[in-house]
Structure formats: C-alpha cells, structure tokens
Amino acid sequence: MAKSLMVVGTSSNVGKSVLCTALCRILAQDGHRVAPFKSQNMSLNSAVTPSGREIGRAQAVQAAACGILPSEHMNPVLLKPMSHTLSQVILQGRVYETKSARAYFAERTGEIWNAVVESFRELERRYDVLVIEGAGSPVEMNLKARDIANMRTAELADAAVLLVADIDRGGIFASVVGTMHLLTEQERSRVKGIVVNKFRGDPSLFEDGVRMLEAYTGVPVLGVLPYLREIGIEEEDSVALEEGRYRLPQLPQDARECVKVAILELPHLSNFTDFDPLFLEPGVHAYFCRQPADVADAHVVILPGSKNTVDDLLWLRANGFEGVIRQRRAAGAFIVGICGGYQMLGEEIRDPEGQESKIGRVVGLCELPIVTTLAREKTTVLTRGQAAGMFATIPLSGYEIHMGQTVSVKAHQPFARVRTGADGVWRDDGAFSADSSVMGTYLHGIFDNDAFRRAWLSAVRLRFELRAPEDSFVAMTDHRSKAIDRLAATVREHLDMQSLYQLLLREEDE
C-alpha cells in the first residue's frame, strides 16, 4: 500500500501544482517509486497519455518529474469549461458527458466518485508514494459537502496533508487560520504542516509570522518558499497569462531584430503551453494579445486551440481581428493555426449536433481550403511523423485533442505526414496555403520540436530580413528537465525534508 502525501491550498493559484511537481522530483531522486494524483481537475490545458487518454497538464508534468509516463489514473476527472454554465466531463481520460454545474454536482458522488476510487487504487498498487494535489480551497462551504477533490480524497488515501498559502497576495493569517477553522475536527487532524509560498525578500523577517501561524493553528510551518520568477515548467491555469512576461511591453531599441509573435488570447483558449518554447527563444518576442492593435506589426499571428471554436471565431470576428489578420498576411506575416485555430482558418465550421455551439454552421476565415465538422467522437492521440512543404522531412512529434473532422475542399500541400500508435497508418495532417504564408495543424506541442522550431523561425527571419542572435538554440526536453531539477533543489533548501519524511513514515513510527 502506497504512502500518500496531499497538498491542499488556501485558494487557487497558491502554488499547489508547482510544489507537487517539486515533491515528485525530490522523492524520485531519493529512490522512491512515486506518482502524482489529482482526483478532479478543471483546466483547458490538457495532455494526452500513451494510451490515448486525456488528463490535466499539471499531472503530465508531475509524471515527468517522477520519471514515469502519464496515465489516465493520475487525473480521473477532468472538467473542461465550454461556457459559463457548461463543462465537458472527461472521466478516466474519455469524454463522459457535457454537463451543467448543477447536474455535475448532483451526480458526481456516484459513478464519478467510483472512478476516482478505482484510479486511486490502481496507482496505490503500482507505486510506493503518491503525491496528491487538491483543487481550489478545501473549505468552499457551499460546495464542501460534494467536494471530491480535497479532504474526501485525503480520507480515501489516508494522507498526511500540507496546507499551502500564498503570502504574496496578502492576508496569509486570515486565509490559513480561516481554512483551518472551517475544516472539521477530523479534517484538521490530517493537516500536518503549513507551507508559506511565494515569499519575497529575507525569510528571517517572517520568523515571528511563522511563530504566530503555529500558535494560531497548532500546526508546524514546514517551510517558507521563495517567490520564483519564470520557473520554466508548464503552467496549468490560464491565470498565469496575467504575468507581464506574456504581455506586450514597449520593446527597447535593440529589440528591432526580434521576431514578433502575436498569439490571440481567445475566450476559450486551450493548451496555451504550446507556445512556451517561443517565450524562451532568444531573439523572439512572443505575447498573448486581446486587442487588434497588438497585432499591428507582428511578423507572426497565431490562432491557438479553443474549447469552443465556433464561439471564439465569432468573438475574433466581432472584435476586429479578422481584418487585421488579413492586413498582416498582406504585409508578409505568417499566419499559424493550431487545432481550433486551424479549423478557424478554413472555409467553414459545421456543428450539426451542437457539440460546442447552438450555431450549426459558420463561415471561417477562408485562408485554407478545408471544411471542419464537429462530431461526438473525440480524437486524443500521440502523433509522430515529418513535416511537409517548405519544412519537408523535418521529424515531428506532438499530440491531438479535438472533436472536429477536417476534410479538403481542393488540392493543397499538407502540413505534415503523420501516424499514431493506435493504427500506425500514415495520413496527412493540416494544410499550407498556396504561398506557404498560412499553415494549420492539429498537432499540439509543435514548437517543442527543436529542429522544426529553428527552421520555422529561420523562414520568418529570412522573409523579414531579421538577424538571428548568436545564442539561438533552446533544447526543450533538456530545458524542462533542468527547470524541474532547479525547482526541486529550491524546495529541498527551504522545506523541512526530515519532517516531511517522518510524515510519510508515520505508520511505522506509531
């Protein structure tokens, strides 16, 4: 039976996912067979497992930190919001149903909870230690009776619980003490340590704060973790896009040679980590934009993935982006569509069964000769192949997550030739426009391919006569692994690891 350590937070975005990633790497480094688990996740940033199942991006990153492949059992329930009231429910990696919040809350204590238990038991049999991540706050009192993501999971796992609070946002005493107060006595007994996260400056200045937190709660503070900028691991929550590094600041004069990449921040933006490599490349200035004016001098315009392609296409059109996209293409800019963005670049999107919208048919941007029909069956596969057209023979790998089936309406150059582990059959993916200025693909993670990314950036620089910086190589796999190592080293330094291990071994000590 695996030992379990659970990380819950005083609210969303306090650093639970990042801390769990660090703990996964630390435990793996120390020789433990460790795996992540999050019973219920809500995110539009997802990943595909080798078995073709869909899980939250954070659990895929945590699996990588453990040195293992991701599994649908690591995140048995994934909620993907489609509107303010509807979410697609992914159960053990497969589409279960699209439900309103009210219907989901009413039903999840049955079949959905059974799936959580089944997945936890499967991991418990295969690993020595499970690092469990909570969701939001464990004391949302109007939801608490039906909450399966926090203390109910802690009870299932008989887990020791760490409570994480974000000191950077202020109000840490109220958030920690209030959370502890609203837990039941039995739940409070599971909380074995408090972690203060995102501390700026000299931690010795908070020593009296540590003593006060311990006095108010009766729980030891096991660490004060520093505020880390640009950690370098993939984010899960789109709230991260509010950080300045994702925005369009005034560029200095010496940045005139930068490749400017404008990524449209669609209302239902999904898998925004597709573009992480572009934010790391020297000589590239990538940014998410919400206004057409932000696209005005971009060398590249990217239409990213979307969980509601039809509505996001209508939003794009209503907010003036269609015209500026055409203007930029006329000025020589490259236009790139990924997944939902690829579908938008076609001539038409059809949704006869109302999978994403009540609108049955909408005219696309007509930049690529394709038509997409949204269907009930969801494609979730890992994909390998090689690029075609101007990037012919460059090896590619990525993953697909889409409801649409896309067909050509006239002959065109595909973006790539690919095959999946499911059938091994070669097929065309995506499309180039006749002049190769517009390209679309279903492949998420396309820019993680170092050789393709370099060739693509070279083509952009050549068209706009931009000089490449001398230091222009980023190896993404190596970069991400080193980033997790740095994160783990920082957490080791500032967390009481001896006490942490005593929590994991508490049964033998009793």
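Predicted model: local features only at pLDDT ≥ 70, side-chain atom pairs only at ≥ 80, totals over all residues.
**Ground rules.** I number residues from 1 along each chain as its sequence is written, and I leave out hydrogens and water, since side-chain values use heavy atoms. Local features need pLDDT of at least 70 and side-chain atom pairs pLDDT 80 or more, while totals for chains, interfaces and linings use all residues.

**Helix pair.** I looked up helix 1 (residues 16-29) and helix 2 (residues 57-66). Helices here are DSSP runs (H or I, at least four residues), as are strands (E, at least two), numbered from the N terminus. The two pack at an angle of about 20 degrees, with their axes 7 Å apart. Axes are lines fitted to C-alpha atoms, for helices over the stretch in contact, and angles run from 0 to 180 degrees between N-to-C directions. Helix 1 is therefore roughly parallel to helix 2 (angles under 35 degrees count as such). On the helix 1 side I noted Ser 17, Cys 20, Thr 21, Cys 24, Arg 25 and Ala 28 in the contact (heavy atoms within 4.5 Å). Helix 2 brings Ala 58, Val 61, Gln 62, Ala 64, Ala 65 and Cys 66. By class, the contact has eight nonpolar, three polar and one charged residue. Ala, Val, Leu, Ile, Met, Phe, Trp, Tyr, Cys and Pro count as nonpolar, Asp, Glu, Lys and Arg as charged, and the others, Gly among them, as polar.

**Cavity.** I found one cavity of 30 Å³ or more. On a 1 Å grid over the protein atoms alone, a cavity is a set of points where a 1.4 Å probe fits but cannot get out; lining residues have an atom within 4 Å of a point. The largest cavity holds about 150 Å³, the space filled by probe spheres set on grid points joined across faces, edges and corners. Its lining has 18 residues, with Ser 306, Cys 339, Ile 401, His 402 and Met 403 nearest the centre. Which strand gives the most to this lining? Strand 22 does, with four residues. Four lining residues are nonpolar, 10 polar and four charged.

**Pocket.** I then checked the second largest pocket, about 1200 Å³ in volume. A pocket is an open set with protein on both sides within 12 Å along at least five of seven lines. Val 48, Arg 57, Pro 70, Leu 382 and Tyr 399 lie nearest its centre, among 38 lining residues.

**Backbone.** Lys 198, not a glycine, has a positive phi of about 60 degrees. Lys 198 sits in strand 11 (residues 191-199). Ser 436 has a positive phi near 65 degrees, and lies in the loop between strand 25 (431-432) and strand 26 (438-441).

Technical notes:
Parallel < 35°, antiparallel > 145°, perpendicular 65-115°, else oblique.
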